[in-house]
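Please keep the sequence and the model in view while reading.

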Amino acid sequence: MRQVQFLEAWSGGEAGQGPEQVVTLFRRVYGQEPEGVWSAPGRVNLIGEHTDYNAGLCLPIALPHRTFVALSPRRDHQVRLVSSMTPDACVQVGLDGLQARGVTGWASYPVGVAWALREAGYDQVGGFDMALASCVPVGSGLSSSAAMTCSTALALDEVFGLGLGGSDQGRVTLIEAAVKAENDMAGASTGGMDQSASMRCRAGKALRLDCRPGLTAMENVTQVPFDLKERGLELLVVDTQAQHQLNDGQYEQRRSTCEKAARILGVDNLRQVADQVSASRDPAAALQEVLDRLPDEVTRHRVRHVITEIARVDQFIEAFGRGDVHEAGRLFDASHDSLRDDYQVTSPELDLAVDVARAEGAYGARMTGGGFGGSVIALVNAGKSRDVAQKIADGFQARGFHEPRALAALPSSSARKEC
Ligand code: GLA
């Protein structure tokens, strides 16, 4: 059996590797020094999946794996971009007259951020030269795109003097620009959790994000202690390498089913129903009453996932906080099962990875992110990650699936300037 590969973070064991790479690339392509280097992390969501666009709750942590950008402003409105993945292909795009969906490929993400900031009235954002390198696995449901848009947003904020990156409220504006870039320029649907995680997570903490509209930056985020070591645990991430795509219509379909259900139930969003259900004396009966008002089986399944999943977020925080690892793990399992059976966004690879992790003694395991491929997370005893990951890889080989890869997730810090 082949040994499963663990993807190390550049910012961890090999500190400095990220900034060094992008500075070297920048110098080689543009023949000068960049003004600075900024970075932003990928994320895993602990629990609260497909709840962000329902004004619900979610609980991401930032990964130690980050995207690095070296960047300098230009005097004109041209953007030049190069990535370490294709170091010989420099992309050039003009910002003047740029429209939504006007750029394709990976360039649409960083260019989209500049465009979104200008659309939001930050006219001082002009052209720039940028080099990018990342150790966040791409297409794995670990928010490599948010790591790219958020590192770019923070860099543009500083070089064009927007003054947003230093405060929580300012970061919310940068998050909105990153979301707009992904939705409207890249055409990839996203609900805001990933960009909030990349911009606002703290080391050692999970980010309890309340996605109700109209909350201030102080109200929508709570930093929740998430000390795995203290509990004798590790959080294993396994990337199934089954292609994860959020722009094939499935995500949008889930989203519009939820919006339609909210309209039928006479509320602005499903969060309002979730709050009513959890405040009632008999939540199970209250949930059933809500479901009975919905017109079809599919909608009932989707709504049941959203309402139960929102409730699981605070249940998880509470269980983990009091050291009840078994209950925390059970909630991971319940979340995955609900995503598999009610929301129907898992895949054979995700389900197998979760089943093997559970069989190998994980307290709980679930898919993380949008689903339809991507990654799973498993809560395991310290020192067990390698064994569990190997067993998953063996299971994949036996079923003829792609070879999976693993990562160790430690709650890390948000977007920052590196040098
Ligand atoms: C993707 C989206 C997020 C969120 C998750 C599901 O990662 O980008 O906004 O909706 O799916 O929880």
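Helix α10 passes α11 in a left-handed crossing; a crossing is left-handed if the near helix is turned anticlockwise from the far one by less than a right angle, and right-handed if clockwise. The model is predicted, so that local features need pLDDT of at least 70 and side-chain atom pairs count only at pLDDT 80 or more, while totals for chains, interfaces and linings use all residues. Residues are numbered from 1 along each chain as its sequence is written, and side-chain values use heavy atoms, with hydrogens and water left out.

Two packed helices are described by the angle between their axes and the distance between the axes. For α10 (residues 297-321) and α11 (residues 325-341), the axes come within 9 Å and cross at roughly 165°. That makes α10 roughly antiparallel to α11; angles under 35 degrees count as roughly parallel, over 145 as roughly antiparallel, 65 to 115 as roughly perpendicular and the rest as oblique. Axes are lines fitted to C-alpha atoms, for helices over the stretch in contact, and angles run from 0 to 180 degrees between N-to-C directions. Helices (H or I, at least four residues) and strands (E, at least two) are DSSP runs, numbered from the N terminus.

A second pair is formed by α12 (residues 348-359) and α13 (residues 385-399), whose axes come within 9 Å and cross at roughly 135°. These two helices, α12 and α13, are therefore oblique to each other, and their crossing is right-handed. In contact (heavy atoms within 4.5 Å), P348, E349, L352, A353, V356 and A357 of α12 meet V388, K391, I392, G395, F396 and R399 of α13.

Helices α4 and α5 pack at an angle of about 140°, with their axes 9 Å apart. Here too the crossing, of α4 past α5, is right-handed. The contact involves residues including D168, R171 and V172 of α4 and Q195 and S196 of α5.

A pocket, on a 1 Å grid over the protein atoms alone, is an open set of points where a 1.4 Å probe fits, with protein on both sides within 12 Å along at least five of seven lines; lining residues have an atom within 4 Å of a point. The lining has 27 residues, with E176, G191, G192, S196 and C211 nearest the centre, and α4 gives the most, with six residues.
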